[in-house]
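Student: I would like to learn how to read this model. Please take me through it one feature at a time.

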Amino acid sequence: MRQKFWQRTLLYTVVVLWSIVCLFPFYWLFTTSFKTPLAVSRGPRYVPYVDFQPTGDHWRYLFNEQGRTLARHFRNSLIAATGATVAAVILGAMGGYGLARYRYHWRRFFNWRNDNIAFWIISQRFLPPALFVVPFLLLYSWLNLIDTHIGLIMAYTMFNVPFALWIMRDFFMNLPIELEESALVDGATPWQAFVRIVLPLSAPGLVSVAIFSFVFSWNEFLYALMLTNYEAITLPVLIAGQNNTRGIQWWYISALTLTAVAPVVLIGLALERYIIRGLTAGAIKG
């Protein structure tokens, strides 16, 4: 009994300490967004009303004077992330279902089967994204896609699809195929069985894929920087560019960063159970 008590105490201690490590940056951003420039320049100040006198001037400046700029870049991030997420979920679900339910043989050059094809697809994520910057710039310049929403959506979709397909393939492989066979016996087409039976049962996997695709697209910086000039600039690029002749205004950047982080944090908290179920589904073999 005593041994279990100490094990539980040690576990809770480690969890609490790690939670503090993970949450402290958010607390630091939050407090810095309410500090005056003088309080920031004086060094670490942690407790409001004790170490410093908080002010809401930076938030008012962000939403009043800079409201239009913030809204435009927020809209750009939302359009790019949402479009890429929808495309990745659709393509990943269809591709994952095909690899889970059908057998493919590619014998022209290699004796590839489904597992080889799936590994080849996920291996595209092994390559550093910076490797494709120059080809993307040349291709997008030729297609007039520089500084467009559709250009960002296409780029983000390319990076999201391998992950989406891999997760959905494992999820579909653990769904009982007898349900689809029963639907086919009752007269349903393969497409109807996929839409009406398989997709509703795979909701946790779809949600987890959508969340991770959205978070990646929302936070992506390199391609948003290289493929946009003005009209399609996203929030990460806006935050990185907050440097002027008066130096880096950490108080304003903190408020802006919290505004950019808030949507994905709220989405993650609201759909946490779907994320866990979706990611663990592939590890449970039926």
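Tutor: Start with salt bridges. A salt bridge is a side-chain nitrogen of Lys or Arg within 4 Å of a carboxyl oxygen of Asp or Glu. This is a predicted model, where local features need pLDDT of at least 70, side-chain atom pairs count only at pLDDT 80 or more, and totals for chains, interfaces and linings use all residues. Residues are numbered from 1 along each chain as its sequence is written, and side-chain values use heavy atoms, without hydrogens and water.

Student: How many salt bridges does the structure hold?

Tutor: Three. In one of them, arginine 60 pairs with aspartate 57. Their closest N and O atoms are 2.2 Å apart. Both residues lie in helix 3 (residues 57-65). They are three residues apart, about one turn of the helix. Helices here are DSSP runs (H or I, at least four residues), numbered from the N terminus.

Student: At what angle do helix 10 and helix 13 pack?

Tutor: Axes are lines fitted to C-alpha atoms, for helices over the stretch in contact, and angles run from 0 to 180 degrees between N-to-C directions. Helix 10 (residues 203-219) and helix 13 (residues 250-270) pack at about 170 degrees, with axes 11 Å apart. The pair is therefore roughly antiparallel, a label for angles over 145 degrees.

Student: Which residues make the contact?

Tutor: Contact means heavy atoms within 4.5 Å. Helix 10 gives Ile211, Phe214, Val215 and Trp218. Helix 13 gives Ala260, Pro263, Val264 and Ile267. By class, the contact has eight nonpolar, no polar and no charged residues. Nonpolar covers Ala, Val, Leu, Ile, Met, Phe, Trp, Tyr, Cys and Pro; charged covers Asp, Glu, Lys and Arg; the others, Gly among them, are polar.

Note on methods: Helices (H or I, at least four residues) and strands (E, at least two) are DSSP runs, numbered from the N terminus. Angles under 35 degrees count as roughly parallel, over 145 as roughly antiparallel, 65 to 115 as roughly perpendicular and the rest as oblique.
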